[in-house]
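Here's a quick tour for anyone opening this one up for the first time. Have a look at the sequence and the model, then read on.

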Amino acid sequence: MSVAAAPIQAGAGWPRIGLARFGDATLFLGVASGSVVMIEPAPYDLILVAMGLFAFVLGLRIPRAMGPLLVLLLLFQVGGLLVMTQPLLETEKSPQFVAISLFLAFTCIFFAATVADQPQRIELIVRAMILAALIAAVLGILGYLFHIESLTRYDRAKGAFKDPNVFGPFMMLPLLVLAREFLTRPFGQVWWKAGPILVILVGVLFSFSRAAWFLAVFGLVLLAFVVFLNERSVKGRLRLIGIAAAGAAAVVLVLVAILADETTREFLMNRAKLVQDYDGARLGRLARHLIGFLWVTELPLGLGPLDFGYYYGEDPHNVYLKGFLAYGWLGGLSYLVLVFWTIGALFPLMFKPRPWQPYAQVVWVCLIGHLIVGWIIDSDHWRHFFMLWGLAWGMVALEAAHRRRMARTLRAQPAIGAFEAART
């Protein structure tokens, strides 16, 4: 899955080789540190802000193709700032909420710009995420098995995160990358990656997060389907079916072994219920969703970043509802447009023979899963989620640059027929 041979040359963002290597090392460290976010600002925050500012000062540019991302994120943040102009009930933490939103938007733009500038950094970012996921999974597993309070919450693994419901989804992109490599590369080259895959899956299981469980199952199935569609030969498709079946059998065996522990089995059966007591209660999650959407119709400027929790004791646990309540109609609508624009723009890249095609597939699948679970969870402050947005738009910008270059080539060589033009 290497993109080292990407046809687009590096831009002017990192003018010297030594500085570029330092930038790569810093970027890798920053992304890998995303597994430790128990404190704020986290190491990830400090490294990414410093590196992003440094890169833009040195000349890292924002490609024209990233215009929609830039405009929609700007409108989203403006909506959040407008909410702050009205009387708020939660005045102490609201400014911090807005600051975090601005920071995450900045990291999204930085990831997109640095990928568009140097395509090989997609692989660097992904490898750093794999390392971060393994660190997170190991910490979570140790915390659950040895009842380490600082690494668990409500007897659920959380690693060095604050919440199991963020800990689990954080590992989805690395899981899908490793799974795709297992599906598409010769077994002799990737057999050892079964270990990291199982470690991540056990970490996800011990999070006892329904959102993370859904993401793992949904993501793996959808990714296998996408890879299957891209495989043209019958032999290749039969191989994919065999690998998928063997992988599923291995996961079942591991699951059976884990469930031999009675405490774990009972806890898992309880968490596996589709609707928990706090979901279907009189003022449970589902009822709060209905109340929140009724409020949206009456509050063009929103309710306030954290005021919904002030009334009901918990946040909306719905990122779309949160978008309208915390960022007003302007922010909520901007977020919806960003969702559909991103998914639509990235979708064709999954089927085009480009160096970044493998990453387009895993990022698209991962984004779809996150957008689905966004209906039952607030993901507007998930660091890795904004990284996904950034990677997606970085690849959209790469595709736009590729098409411009091919168009110039075709104009310079009029003998090339329409068929060749269509292939690009």
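Predicted model: local features only at pLDDT ≥ 70, side-chain atom pairs only at ≥ 80, totals over all residues.

**The nonpolar patch**

- Helix H3, covering residues 67-83, gives the most to the patch, with five residues.
- Leu-82 has 35% relative accessibility, so it counts as partly exposed.

**Helix H11**

- Helix H11 runs over residues 234-258, which makes 25 residues.
- From first C-alpha to last, H11 reaches 36 Å, close to the 36 Å expected at 1.5 Å a residue.
- Gly-236, Leu-240, Ile-243 and Ile-258 are buried in H11.
- What do the buried residues of H11 pack against? Their partners are helix H7 (172-184), helix H9 (194-207), helix H10 (210-230) and helix H12 (262-271).

**Aromatic pairs**

- Phe-385 and Trp-389 make another tilted pair, at 5.3 Å centre to centre and 45° between the planes.
- Phe-385 and Trp-389 both lie in helix H18 (residues 383-412), where they are four residues apart, or about one turn of the helix.
- Phe-385 is buried, and Trp-389 is too.
- Phe-385 and Trp-389 also belong to one aromatic cluster, together with Phe-76, Phe-97, Phe-293, Tyr-320, Tyr-327, Tyr-335 and Trp-375.

**Salt bridges**

- As a bit of background, side chains of opposite charge can pair when their charged atoms come close.
- Asp-24 and Arg-121 form one of the salt bridges, and their closest N and O atoms are 2.7 Å apart.
- Asp-24 is in helix H1 (residues 17-32) while Arg-121 is in helix H5, so the two tie together parts that are 97 residues apart in sequence.
- Is Arg-121 buried or exposed? Its relative accessibility is 1%, so Arg-121 counts as buried.
- Arg-383 and Glu-40 also meet through their side chains in a salt bridge, at 3.6 Å from N to O.
- Arg-383 lies in helix H18 and Glu-40 in the loop between H1 and helix H2 (43-57), so that pair ties together parts that are 343 residues apart in sequence.
- Arg-383 counts as buried because its relative accessibility is 15%, whereas Glu-40, at 38%, counts as partly exposed.
- Another salt bridge joins Arg-153 to Asp-163, with the closest N and O atoms 4.0 Å apart.
- Arg-153 lies in strand E1 (residues 152-153) and Asp-163 in the loop between strand E2 (156-157) and helix H6 (164-170), so here the parts tied together are 10 residues apart in sequence.
- Arg-153 is partly exposed, with a relative accessible area of 32%, and Asp-163 counts as partly exposed at 24%.

- Where is Pro-41? Look in the loop between H1 and H2.
- The peptide bond leading from Glu-40 to Pro-41 is cis, with omega near 0°.
- Asp-155 has a phi near 65°, a positive value in a residue other than glycine.
- Asp-155 lies in the loop between E1 and E2, and at 56% relative accessibility it counts as exposed.
- Phe-208 lies in the loop between H9 and H10, and at 0% relative accessibility it counts as buried.

Conventions: Residues numbered from 1 in each chain as written. Heavy atoms only, no water. Buried < 20%, exposed > 50% of the residue type's maximum accessible area, 1.4 Å probe, protein only. Expected span 1.5 Å × (residues − 1). Contact = heavy atoms within 4.5 Å. Phe/Tyr/Trp six-rings, centres within 6.5 Å; stacked < 30°, edge-to-face > 60°.
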